[in-house]
Amino acid sequence: MAATYRAVMLTKKGGPEVLQIVELPVESPGRGQVRVRVRAAGVGSTDLIVLAGHYPYAPKIPFVPGYEVAGVVEAIGAGVTGFEPGQRVAALTVYGGFAELVVREAEHFLAIPDGVSDRDAAAVILNYVTAWQMIHRVAKVESGRTALVTGAAGGVGTAALQLLRLAGVRTYGAASASKHDLVRSLGATPIDYRAGSIDRLTRALEPNGVDYAFDAIGGANIGLCIGALRRGGTLVGFGFMGASTVVSQVVTFANIFLGARLRGRRGKFFGITMLYRKDPRPLREDLPRVFALLAEKKIDPLISRTFPLLEARQALEFLAAGKVEGKVALTTY
């Protein structure tokens, strides 16, 4: 076996251009750990936040980014049970995924069922579990209700549209006009956020307001989403692609926790890693549910483009260009 493996390293804050391919020594898994040969990794907007140095759960630079992986168990440390070499597994790694190998505690890995490819498994871990938990654990949606999803053509957005449709919720997806066909194909009514304010555009379709709003943008957009809700409706904020400054982040959280309440709505924030670090059980329960839907072809991760595993920089440049519908993935095949 080779003494080294290749990985994509973040050496300083910046954009995709700061990533470098390096060789690292192969580690034997310690007690309670497994070593997994990565076959696929997901690429998402969270990775761009990590590169910019704005992600609270990232380790100190230098480190290997990569939030979600699928692969094959290669070696097992002492005390590990329930895994065997050659077994296909997946994990929410948060970092370390842009590499040929990853060593992590066995408790982080879950089996990939037959009928689910490595690529698709990696592509649904972050986006679909985020959407599932927002919908079913945070908002606790009910069939027959209505919802607004912003960033509807993105990774979490397209996941939310599919899962809301399965839950029997009539959904409106805010996206640019060029992505409206995609929104319609996922069972939602598109709203062109460039044609006016989201609250007025939503209420033109739902005069009393929607029951739920899932906002990926943050900043000033939070106030508009509150306005799109009926009284007593629920706002769930996540991601916050549009809240990159301290001021916009303060405005975002103030609106979620205070502004929503003052206007008679319920405001909540959701972060998958925040929950996972506090309690890993929900993800261990929900990822198998998502895998089952994937195996039954009830959901589609909508992979816009696939890159070779070590071309994470090129994949993130493609993502940053803003033309992606759905998900970007890295694979070894």
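The legends below describe close-up views of a predicted model.

Local features are reported at pLDDT of at least 70 and side-chain atom pairs at pLDDT 80 or more, whereas totals for chains, interfaces and linings use all residues. Residues are numbered from 1 along each chain as its sequence is written, and side-chain values use heavy atoms, with hydrogens and water left out.

**View A. The cis peptide bond between I61 and P62.** The bond from I61 to P62 has an omega near 5 degrees and is cis. P62 is placed in the loop that runs between α1 (45–51) and β4 (68–76). Helices (H or I, at least four residues) and strands (E, at least two) are DSSP runs, numbered from the N terminus. As background, most peptide bonds are trans, and most residues other than glycine have a negative phi.

**View B. Positive phi at K140 and at L302.** K140 is a residue other than glycine, and its phi is positive, near 55 degrees. The loop between α2 (118–138) and β8 (146–149) holds K140. With a relative accessible area of 54%, K140 is exposed; this term applies over 50%, buried applies under 20%, and partly exposed lies in between (1.4 Å probe, protein chains only). L302, which is not a glycine either, has a positive phi of about 50 degrees. L302 lies in the loop between α9 (281–295) and β14 (303–308) and is partly exposed, at a relative accessible area of 21%.

View C. T150 is located in the loop between β8 and α3 (155–166). Contact means heavy atoms within 4.5 Å. Neighbours within four places in sequence being left aside, T150 is in contact with A174, I198, F214, D215, A216, I217, N221 and C225.

**View D. The crossing of α2 and α9.** The two axes come within 9 Å and cross at roughly 115 degrees. Axes are lines fitted to C-alpha atoms, for helices over the stretch in contact, and angles run from 0 to 180 degrees between N-to-C directions. The helices α2 and α9 are therefore roughly perpendicular to each other, a term that covers 65 to 115 degrees. On the α2 side, the contact is made by D120, A121, V124, I125, Y128, V129, W132, Q133 and R137. On the α9 side, the residues are P282, L283, E285, D286, L287, R289, V290, F291, L293 and L294.

Methods: Angles under 35 degrees count as roughly parallel, over 145 as roughly antiparallel, 65 to 115 as roughly perpendicular and the rest as oblique.
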